[in-house]
Amino acid sequence: MSKVVVINHPLIQHKLTIMRDKNTGSREFREMVKEIGMLMVYEITRDLPLKEIEIETPVTKTKSKVLVGKKLAVIPILRAGLGMVDGILEMIPAAKVGHVGLYRDPETLQPVEYFCKLPQDVEERDFLVVDPMLATGGSAAAAIKLLKEKGAKSIKLVCLVGCPEGVKFVQDEHPDVDIFLAALDEKLNDHGYIVPGLGDAGDRIFGTK
């Protein structure tokens, strides 16, 4: 079974409180999404492999470590996932960015793909699927399934706020995918919103209703 990591660093908790407040406007909300994404990357990339190389400092020659191995790709689930991309890219500017667009069929309530654009070298990359909310888990699970069908071998799911129902759904569908959260909230309500949550992340990021 995959692991679930809640990254509850004090800076993340502080910024998440600002995001949860209904009086926080779109501009500040966007900034918090970006900054929390940036802070989460430190923990998510903790196990990246390193190799030792020789360099010359202004003082002497020395051996030092650099990243080696698979390249990274960030895949936001449209549209709310876009808010997390810039913060991650500030930490990992060499990462490629793909996009997955899903909508919920009003009849079946199942996610339907309407857009998918990925880096060409899918099998060679570690993928970070990003979306601020892990509510029912349907969109996240569908996006991960899509990546696997395209050849992705290494995938992590990165969300700001999740709930037990969404975590369980993704784990049941994809037991090989680790889940990283800034907060694990109480539950889903009857309308599919996370409680206490932070409302509709897409609307709050982009200032829409």
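Student: How many salt bridges does the structure hold?
Tutor: There are 14 salt bridges, each being a side-chain nitrogen of Lys or Arg within 4 Å of a carboxyl oxygen of Asp or Glu. Keep in mind that this is a predicted model, where local features need pLDDT of at least 70 and side-chain atom pairs count only at pLDDT 80 or more, while totals for chains, interfaces and linings use all residues. Residues are numbered from 1 along each chain as its sequence is written, and side-chain values use heavy atoms, with hydrogens and water left out.

Student: Which residue does Asp47 pair with?
Tutor: Asp47 meets Lys156 in a salt bridge, at 3.3 Å from N to O. That pair links distant parts of the chain, 109 residues apart: Asp47 is in the loop between helix H2 (26-44) and strand E2 (50-56), and Lys156 is in strand E10 (residues 154-162). Helices (H or I, at least four residues) and strands (E, at least two) are DSSP runs, numbered from the N terminus.

Student: Is Lys156 buried or exposed?
Tutor: Lys156 is buried, at 17% relative accessible area, whereas Asp47 counts as exposed at 53%. Buried means under 20%, exposed over 50%, and partly exposed in between, with a 1.4 Å probe and protein chains only.

Student: New topic: what does Lys168 bridge to?
Tutor: Lys168 bridges to Asp172, with the closest N and O atoms 2.7 Å apart. Both lie in helix H5, 4 residues apart, about one turn of the helix.

Student: And which residues are joined into one network?
Tutor: Lys71, Asp121, Glu124 and Arg125, through salt bridges that share partners.
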